[in-house]
Amino acid sequence: MGQARRFGWLAIPLLMCIPVLWAGAQGTPPGGAAPAGQGAPAGGPPPGLVLKFAAPDAARGQTLSRSCAGCHGPGGVSAQASVPGLAGQVPSYTRFQLSVFRAKLRPSAVMQGVASRLSDQDIADLAAYFAAGEPGPAWAADPALRARGAALFQGGDNDRNVIACAVCHGEDGRGADRQGIASVTNLAPEYGLEILHEFRDTPRFGVPHPDAMRIALKPLTDDDLKALAAYISSMK
Ligand code: HEC
Ligand code: HEC
């Protein structure tokens, strides 16, 4: 499958979004200075989104994670189709989401409450713990729907300016920590469909965040989103 087909012309504005995945997700590393080359926008992100933490302690994260297991499953492997698993998630993404819940920028009454009780160090330790886990097992999916989702995810659709999801998320769907790109492998299916609709259909949250997903999903139909949710929830 050629790169040209996977990218389409949309790749240019989209990939320009990536450097804007600034230091918020990365946090301030031990030693203080913000990471170079993360492309922080002028003025910097709102307070509370740049985390300050010492080297993450996954063992401490494991202890803290006990309070998450009731919803996200033991070890962050979700058995509820409407709740995302956390196991195997890239740490920059988990940190960023917890910080935006805490700042009440990403909607979810439940998670805003949970995150309000977490310190920067708690967030870093939890993210390190979950990142070390393996994503949960594949969810069952309708084969025809799944095949359609697989084709879109891996190859895009040049005629409709759909960029292949794999360009950013990887062929295995495991994302990229440095760019804050989420792992989507075996994402709980109902949650997956809901979040795809959220990216495509709702006004952006007040998050100073790139619009990569919003641009990527714009040309997609409801049926495409269903097919993609079926595919990513059942990746091998
Ligand atoms: C009462 C249930 C509940 C508890 C307890 C809970 N969560 Fe959640 N969490 C959810 C739900 C539901 C969502 C999906 C929110 C949405 O609709 O966008 C979520 C979303 C998340 C996300 C975003 C995941 C993604 O893929 O975008 C992260 C990260 C997260 N939770 C971390 C945690 C951590 C860490 C804890 C424990 C400290 C925790 N949660 C405790 C229910 C819960
Ligand atoms: C240009 C890069 C790019 C492309 C192309 C892209 N994504 Fe994403 N995706 C991201 C980034 C960055 C995030 C994290 C967004 C955030 O932090 O709000 C993300 C987040 C997601 C999430 C949320 C994960 C979670 O746990 O809540 C899903 C699902 C997703 N992408 C699926 C897709 C699908 C399906 C496609 C193809 C139609 C796609 N993405 C194309 C960059 C991309």
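Which protein donors does the iron atom of ligand 2 have? They are His 169, through NE2, and Met 213, through SD, and they lie 2.0 to 2.1 Å from the iron atom. The model is predicted.

**Iron site of ligand 2**

- The arrangement around the iron atom of ligand 2 is octahedral, because its 6 donor atoms subtend angles of 88 to 179 degrees.
- His 169 has a relative accessible area of 12%, under the 20% limit, and therefore counts as buried.
- Met 213, with a relative accessible area of 23%, is partly exposed.

**Polar contacts of ligand 1**

- A nitrogen atom of ligand 1 lies 2.8 Å from a polar side-chain atom of His 72.
- Arg 106 places a polar side-chain atom 2.8 Å from an oxygen atom of ligand 1.
- In the side chain of Tyr 191, an N or O atom is 2.9 Å from an oxygen atom of ligand 1.
- Two or more residues of the shell around ligand 1 come from each of helix 5 (69-72), helix 6 (91-102), helix 7 (109-116), helix 8 (120-131) and helix 11 (189-201).

**Shell around ligand 1**

- Ligand 1 is surrounded by 19 residues, of which the closest are Cys 68, Cys 71, His 72, Tyr 93 and Met 111.
- Helix 6 gives the largest share of this shell, with 4 residues.
- The shell around ligand 1 has 13 nonpolar, 4 polar and 2 charged residues.

Note on methods
Residues are numbered from 1 along each chain as its sequence is written. Chains are lettered from A and ligands numbered from 1 in the order in which they are written. This is a predicted model: local features need pLDDT of at least 70, side-chain atom pairs count only at pLDDT 80 or more; totals for chains, interfaces and linings use all residues. Side-chain values use heavy atoms; hydrogens and water are left out. Donors are N, O and S atoms within 2.8 Å of the metal (3.2 Å for Na, K and Ca); water is not among the atoms, so sites may look incomplete. Four donors count as tetrahedral if all angles lie between 85 and 135 degrees; four count as square planar and six as octahedral if opposite donors are over 155 degrees apart and all others between 65 and 115; anything else is irregular. Buried means under 20% relative accessible area, exposed over 50%, partly exposed in between (1.4 Å probe, protein chains only). A residue is near a molecule or strand if one of its heavy atoms lies within 4 Å of it. A polar contact is a pair of N or O atoms within 3.5 Å; within protein, one must be able to donate a hydrogen and the other to accept it, and residues adjacent in sequence count only if both atoms are side-chain atoms. Ala, Val, Leu, Ile, Met, Phe, Trp, Tyr, Cys and Pro count as nonpolar, Asp, Glu, Lys and Arg as charged, and the others, Gly among them, as polar.
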